[in-house]
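Visitor: I'd like a close look at one helix packing site, please, with the angles, the contacts and the residue classes. After that, take me on to whatever else in the model is worth a stop.

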Amino acid sequence: MGQAGWRVINVRKRVKPMPGTNHEARWWEPQEKGRVLCTLCPRFCSIPPGSKGFCTIRRNVGGKLVNTAYGRSTGFAVDPIEKKPLYHFYPGSRIFSFGTIGCNLGCKFCQNWHMSKVQDVQYLSQFYTPEEVVQLAFDKNCIGIAYTYNDPVIFAEWVIDIAKAARRRGMKNVLVTNGYITPEAREELYRYTDAVNVDLKSFAENFYTKLTFSELEPVLDTLRWLVHQSEVWTEITTLIIPGENDSSSELDRLTKFIAQELSVNIPLHFSAFHPDFKMMDYSATPLSTLKKARSIAQKNGMRYVYLGNVLTSEGQNTVCPNCHRTVINRDAYFVDEPEMVDNLCRFCHHPIPGRFNMEEKPVIQNVNKQALS
Ligand code: SF4
């Protein structure tokens, strides 16, 4: 999940502690003795009256499930789209990014734990309507909105309302997510989503159980659905943690799954772990491990494998798989003009998968030069 913090704007316009917004949630069922069953994610929390679910922002208030973070964020930022990371989705664009608090996973290595582990909604900003969020994104000349930093699944009602408003303005919607969502809820959430980066944290059930308090299979199911049954542009990130998910055999199984069950054309980002949260006693991922992972992925047929969170020139650029020339040159978050004509390599006209047609890129015809400065 992309880390927060680049060019933060409008952070915490809160002037005094505010209670939760108690927006009535979707995806729940009443149970006996006033309990409610949340059906948004595969955790299926059964929540007694007055209590909250694992993710902390969905609460049982008077026998109804509410989303207490609706309309409020931990602050907004304008990020390069490459930071999500999305490398085949309007490269070089700016994306208006925000998250809330809480998470439906319990990753011991969370890199945004200062948001995902916060339990008190009084630390969120003042209330913003969906239209206000979209206007802020428009004013900052962003192509759209990224729901990120903590997992957007848990505040799906707000995501959907903003995403609908963004679509009405011709803007794009991007999710950065763990993919832990029920089939019942994903259909509606992804109906308004243009691109997603899904964290595939490991290919071992034991890793998901021990280090994230969740399960692998629902994530794989989401990925299959996204790639084969939706129109959402999909990229995948795997954070490689020394000693936990960096064995050659696991990387072989993970990349074979993507290549064989999803597509060799999916951009795959291997990202370096840095000691954080409850895993401070681990070492950072060596560059050699990331290069090994990339080599295994390429051996299994993956065409677009990138390295992130690390200083290296390897695995940064997009290379045409036909003529092997660089079509997108990147230096950290700086991107040269793609050597492409729409979705085609400029040199050999081989198609490059993704969304590159800048004529479709929203807002661009309304560029306000001052807003760019
Ligand atoms: S979304 Fe939150 S409350 Fe609902 S099942 Fe998942 S963790 Fe529990």
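**A close look at α4 and α6**

Guide: Helix α4, residues 183-191, packs against helix α6, residues 217-229, at an angle of about 40°, and their axes lie 12 Å apart. Before we go further, please keep in mind that this is a predicted model. Angles under 35 degrees count as roughly parallel and those from 65 to 115 as roughly perpendicular, so α4 and α6 are oblique to each other. Their crossing is right-handed. On the α4 side, the contact is made by Pro183, Arg186, Glu187 and Tyr190, while α6 brings Asp221, Thr222, Trp225 and Leu226. Sorted by class, this contact of α4 with α6 has 4 nonpolar residues, 1 polar and 3 charged.

In the pair formed by α2 (residues 130-139) and α3 (residues 156-168), the packing angle is about 55° and the axes are 8 Å apart. These two helices are therefore oblique to each other, and α2 and α3 cross in a right-handed sense. Here Pro130, Glu131, Val133 and Val134 of α2 meet a set in α3 made up of Trp158, Asp161, Ile162, Ala165, Ala166 and Arg168. The contact of α2 with α3 includes 7 nonpolar and 3 charged residues, with no polar ones.

The other pair is α7 (residues 248-262) with α8 (residues 287-299), whose axes come within 9 Å and cross at roughly 45°. α7 and α8 are therefore oblique to each other as well, and their crossing is right-handed. Ser248, Leu251, Asp252 and Thr255 of α7 touch Lys292, Ala293, Ile296, Ala297 and Lys299 of α8. By class, that gives 4 nonpolar, 2 polar and 3 charged residues in the contact of α7 with α8.

The largest pocket holds about 850 Å³ of space. Strands that each give two or more residues to its lining are β12 (195-199), β13 (233-240), β14 (268-272), β15 (305-308) and β18 (330-331), and β15 supplies the largest share, 3 residues. In total, 43 residues line this pocket, and Lys83, Ser271, Gly308, Asn309 and Tyr333 are the ones nearest its centre. The lining splits into 17 nonpolar, 17 polar and 9 charged residues.

There is also 1 cavity of 30 Å³ or more in the structure. The volume of the largest cavity is about 100 Å³. Among its 13 lining residues, Cys38, Cys41, Cys45, Cys55 and Arg58 lie nearest the centre. The lining of this cavity has 9 nonpolar, 2 polar and 2 charged residues.

Most residues other than glycine have a negative phi, and most peptide bonds are trans. Against that background, the bond joining Lys84 and Pro85 is a cis peptide bond, with omega about -5°. Pro85 sits in the loop between β8 (76-80) and β9 (94-98). Asn22, although not a glycine, has a positive phi of about 50°, and Asn22 belongs to the loop between β1 (8-9) and β2 (23-24).

Terms used. Residues numbered from 1 in each chain as written. Predicted model: local features only at pLDDT ≥ 70, side-chain atom pairs only at ≥ 80, totals over all residues. Heavy atoms only, no water. 1 Å grid on protein atoms, 1.4 Å probe; cavity = no way out; pocket = protein on both sides within 12 Å on 5 of 7 lines; lining within 4 Å. Points joined across faces, edges and corners; volume = space filled by probe spheres on them. Helix = DSSP H or I, 4+ residues; strand = E, 2+ residues; numbered from the N terminus. Nonpolar A, V, L, I, M, F, W, Y, C, P; charged D, E, K, R; others polar. Axes fitted to C-alpha atoms, helices over the stretch in contact; angles between N-to-C directions. Parallel < 35°, antiparallel > 145°, perpendicular 65-115°, else oblique. Left-handed = near helix turned anticlockwise from the far one by under 90°. Contact = heavy atoms within 4.5 Å.
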